[in-house]
Amino acid sequence: MPRPRHWYDDDEMWMTFQSSMFNQERMESTPEEVTNLIELLAIEDGNTILDLCCGIGRHTLEFARCGFTVVGVDRTKQYVETARKTAQDEGLDVEFVVDDMRTFTREAAFDAILSMYTSFGYFDAHEEQMRVLRNVYSSLKPGGRFVYQSMGKEVLARIFLPNNWSETEDGFHLERREVSEDWSKMSNKWHYIRRDDGAIRSWNVEHWIYSAAEFKRMLADTGFSEAKVYGDLDGSPYDHKAHCLIAVGIR
C-alpha cells in the first residue's frame with residue numbers, strides 16, 4: 001500500500017513515534033504545564049477549552065481532571081481512540097473529535113484554544129497555516145485566548161543540533177535536521193529502529209518555523225487584537241535564555 005503524499009497524513013508514522021512523542025518525562029510534566037497554562041491564559045472556572053491537535057489527550061485529559069469543559073481534536077484516529085479510552089477509564093466527561101485543524105471550527109465556542117508542542121506549520125502553503133489561524137479565531141469567544149508553543153527561530157539558532165536520538169521501550173528514534181529555505185523551514189529525517197528485529201522505518205518530516213515577530217504578525221493579520229510572546233509557559237521573557245516560543249493571541 002503506497003504511503004500518503006504528506007507525512008502528516010501517515011497514520012503509521014504517528015503510531016510509530018507515539019512512544020517517543022509521549023514519553024514518560026513529557027507525560028509527567030503535564031500537570032505543571034496545565035497549571036502554568038491556566039495562569040498564562042487567565043482560565044477561570046466554567047471556561048471551555050479546545051486542545052487542537054490533542055494527540056493522545058495529554059493536556060486535554062489534565063484540564064478535564066481539573067474540572068474544565070474540554071474538547072480534544074486530532075486527525076489521527078488511533079490517538080483519539082486512546083484518549084477516549086483513558087477518559088472512560090477515569091470517568092472523565094471529555095469530547096474527542098477526529099478532524100483536521102484546517103477544517104475544524106465552532107463559532108465563538110471556546111474561552112481558550114491550545115496548539116502545543118509544534119502542532120502548527122505542517123502544510124506546504126502559507127495560506128493553509130493562515131486558514132488554521134482563522135479557524136482558531138472564529139472558534140474563540142470575544143476576549144478568548146489562543147496559545148501557540150514551538151521552537152522559535154531565535155531559540156533554534158542557539159540550541160540547534162543536526163542529529164539527535166532517543167530510546168524507547170520498543171526501539172530507537174534517530175532524527176537528522178536541516179534548516180532549509182532561508183530559515184523558513186525545518187527539514188527532518190526521522191528513523192525508527194525496532195529493537196526486536198532491527199527493522200528501520202524512515203520519514204521526511206518538514207514544517208515551517210517562525211520567529212516571534214513573524215508569528216505575532218500572523219496573529220495580527222488574522223485579526224487578533226493583541227499578541228504577546230514568552231520564553232516558556234511560566235511567562236518568562238522571550239529573550240536569549242528562552243526555552244521555547246510561546247505566543248498568546250487575544251481575540
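A: The largest cavity is lined by Leu50, Leu52, Met101, Phe104, Val132, Asn135, Val136 and Ser139. Two elements each give two or more residues to this lining, namely strand 1 (48-52) and helix 7 (126-139). Helix 7 makes the greatest contribution to the lining of the largest cavity, with four residues. By class, six of the lining residues are nonpolar and two are polar, while no charged residue takes part. The model is a predicted one, and the volume of the largest cavity comes to about 40 Å³. When the whole structure is searched, one cavity of 30 Å³ or more is found.

The second largest pocket is the next space to consider. Its volume is about 240 Å³. The lining of this pocket has 18 residues, and those closest to the pocket centre are Arg5, His6, Trp7, Asn204 and Val205. At least two lining residues come from each of strand 8 (185-194) and strand 9 (200-208). Strand 9 contributes the most to the lining of the second largest pocket, with six residues. Sorted by class, the residues of this pocket lining are eight nonpolar, three polar and seven charged.

The second largest pocket also involves both domains. The domain assignment divides the chain into domain 1 (7-154 + 211-250) and domain 2 (155-205). Each of these two domains gives at least three residues to the lining of the second largest pocket. Between the C-alpha centres of domain 1 and domain 2 the distance is 23 Å. In the contact, 20 residues come from domain 1 and 18 residues from domain 2.

The size of an interface is often expressed as the accessible area lost when the parts come together. For domain 1 and domain 2 the buried area is about 1,600 Å², with 62% of it from carbon and sulfur atoms. On the side of domain 1, Trp7, Phe17 and Lys153 provide 34% of the area buried against domain 2, more than any other three residues. Trp7 is also among the residues closest to the centre of the second largest pocket.

Charged pairs complete the account. Side chains of opposite charge can pair when their charged atoms come close. Between domain 1 and domain 2 the count is one salt bridge. Arginine 201 forms a salt bridge with glutamate 12, with 2.8 Å between the closest N and O atoms. The total count is 20 salt bridges. Another pair is arginine 65 with glutamate 90, whose side chains meet in a salt bridge at 2.8 Å, N to O. This pair links distant parts of the chain, since arginine 65 belongs to helix 5 (residues 58-65) and glutamate 90 to helix 6 (residues 77-90), 25 residues apart.

Methods
Residues are numbered from 1 along each chain as its sequence is written. This is a predicted model: local features need pLDDT of at least 70, side-chain atom pairs count only at pLDDT 80 or more; totals for chains, interfaces and linings use all residues. Side-chain values use heavy atoms; hydrogens and water are left out. On a 1 Å grid over the protein atoms alone, a cavity is a set of points where a 1.4 Å probe fits but cannot get out, and a pocket is an open set with protein on both sides within 12 Å along at least five of seven lines; lining residues have an atom within 4 Å of a point. Grid points are joined across faces, edges and corners, and a volume is the space filled by probe spheres set on the points. Ala, Val, Leu, Ile, Met, Phe, Trp, Tyr, Cys and Pro count as nonpolar, Asp, Glu, Lys and Arg as charged, and the others, Gly among them, as polar. Domain bounds come from an automatic or database domain assignment. Contact means heavy atoms within 4.5 Å. Buried area is the accessible area (1.4 Å probe) that two parts lose on being put together, summed over both. A salt bridge is a side-chain nitrogen of Lys or Arg within 4 Å of a carboxyl oxygen of Asp or Glu.
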